[in-house]
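Thanks for coming. I will take one structure today and walk through a few of its parts. Please have a look at it first.

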Amino acid sequence: MFKWQQAEGKRHALEGPFAPRPEETFTALCGAEVTVARSDVPQLGGHWFDPTCPECAAEWLRRAEALRAELSRAQSSQVERVWCAV
Ligand SMILES: [Zn+2]
């Protein structure tokens with residue numbers, strides 16, 4: 001599961017079930033290790049005015065594509081198994 005999180009001047013993407021809290025460091029999809037500030041958390045009054053990290057966006061797309069390909073492969077192999085059983 002991916003999510004966006006603004007940190008250190010860019011909106012990065014990360015993988016994980018929870019959004020990082022202020023002062024927490026996370027490794028973004030682009031490989032950057034960034035620390036979240038209070039002003040990066042909308043629930044604490046922060047605003048996401050920073051630009052999207054292009055490397056994270058590309059990596060997000062690449063992983064989403066890979067996941068989709070894997071899913072459709074799994075589905076088609078299931079169809080094949082059913083077909084063979086008939
Ligand atoms: Zn990034």
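Which residues does alanine 28 touch, not counting residues up to four places away in sequence? They are His12, Ala13, Leu14, Val34, Cys53 and Cys56. Contact here requires C-beta atoms, placed from the backbone, within 7 Å.

Before going on, some ground rules. This is a predicted model, in which local features need pLDDT of at least 70, side-chain atom pairs count only at pLDDT 80 or more, and totals for chains, interfaces and linings use all residues. Residues are numbered from 1 along each chain as its sequence is written.

Ala28 also belongs to the largest nonpolar core, with Ala7, Ala13, Leu14, Leu29, Val34, Val36, Cys53, Cys56 and Trp60 making up the ten residues. Such a core is a set of buried Ala, Val, Leu, Ile, Met, Phe, Trp, Tyr and Cys residues joined through C-beta atoms within 7 Å. Buried means 20 or more other C-beta atoms within 10 Å of the residue's own, exposed means 12 or fewer, and partly exposed is in between, with C-beta atoms placed from the backbone.

Next, the strands. Helices (H or I, at least four residues) and strands (E, at least two) are DSSP runs, numbered from the N terminus. β1, residues 2-7, pairs with β2 in the antiparallel sense over six bridges; pairing takes at least two DSSP bridges. The two strands form a hairpin with two residues between them, and glutamate 8 in that turn has a positive phi of about 50°.

Last, alanine 19, in the loop between β2 (10-15) and β3 (25-27). Alanine 19 counts as partly exposed because it has 16 C-beta neighbours inside 10 Å.

Terms used:
Two residues are in contact if their C-beta atoms, placed from the backbone, lie within 7 Å.
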